[in-house]
Amino acid sequence: GPEAAAEVVAAAEPFFADPLSREMFVGQAMLCLFLPSSREVDYAPLVSTWLTLWDRIEGSAEWDSNWLCLVKRALKWGGTAKVVTPEVLVKLHNYVQASLRLASPAGWSAAAR
């Protein structure tokens with residue numbers, strides 16, 4: 001439930017303190033492995049934080065796929081209407097386009113993060 005989610009987020013948070021540390025992968029793994037999937041959890045503020053953290057590392061398939069997994073879980077369990085704002089939708093589009101190296105309608109252009 002919400003209490004367990006708050007505990008996991010609090011335990012993972014210190015690993016994201018240094019944006020140049022490989023420890024960020026540990027924090028991300030903790031979220032992927034231990035964050036509960038529950039309709040009672042308010043995922044909207046978590047997704048906002050995750051999108052900010054996602055910006056810290058570019059060009060890592062593991063980093064990108066783990067954030068996509070977490071956001072997918074938030075959308076599935078938290079309800080799309082609660083989680084997805086226009087800003088979140090634009091960021092997700094850009095991350096997916098860059099992660100998968102997809103071309104834009106005007107030709108290849110790396111999405112701005």
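In this predicted model, four aromatic pairs are present, a pair being two rings of Phe, Tyr or Trp (its six-membered ring) whose centres lie within 6.5 Å, with planes under 30 degrees apart counted as stacked, over 60 as edge-to-face and the rest as tilted. Residues are numbered from 1 along each chain as its sequence is written. Local features need pLDDT of at least 70 and side-chain atom pairs count only at pLDDT 80 or more, whereas totals for chains, interfaces and linings use all residues, and side-chain values use heavy atoms, without hydrogens and water.

The rings of Phe25 and Trp63 pair edge-to-face, at 5.1 Å centre to centre and with 70° between the planes. Because Phe25 belongs to helix α2 and Trp63 to helix α4, this pair ties together parts that are 38 residues apart in sequence (helices are DSSP runs of H or I of at least four residues, numbered from the N terminus). Phe25 is partly exposed, with a relative accessible area of 32%, while Trp63 is buried, at 0%; buried means under 20%, exposed over 50%, and partly exposed in between, for a 1.4 Å probe and protein chains only. Trp50 and Trp67 form a tilted pair, 6.3 Å centre to centre with 35° between the planes, and since they lie in helices α3 and α4 respectively, the pair ties together parts 17 residues apart in sequence. Both Trp50 and Trp67 are buried.

Ring pairs link Phe16, Phe25, Trp50, Trp63 and Trp67 into a cluster. Leaving aside neighbours within four places in sequence, Phe16 is in contact (heavy atoms within 4.5 Å) with residues including Leu31, Trp63 and Trp67.

Definitions and conventions: Helix = DSSP H or I, 4+ residues; strand = E, 2+ residues; numbered from the N terminus.
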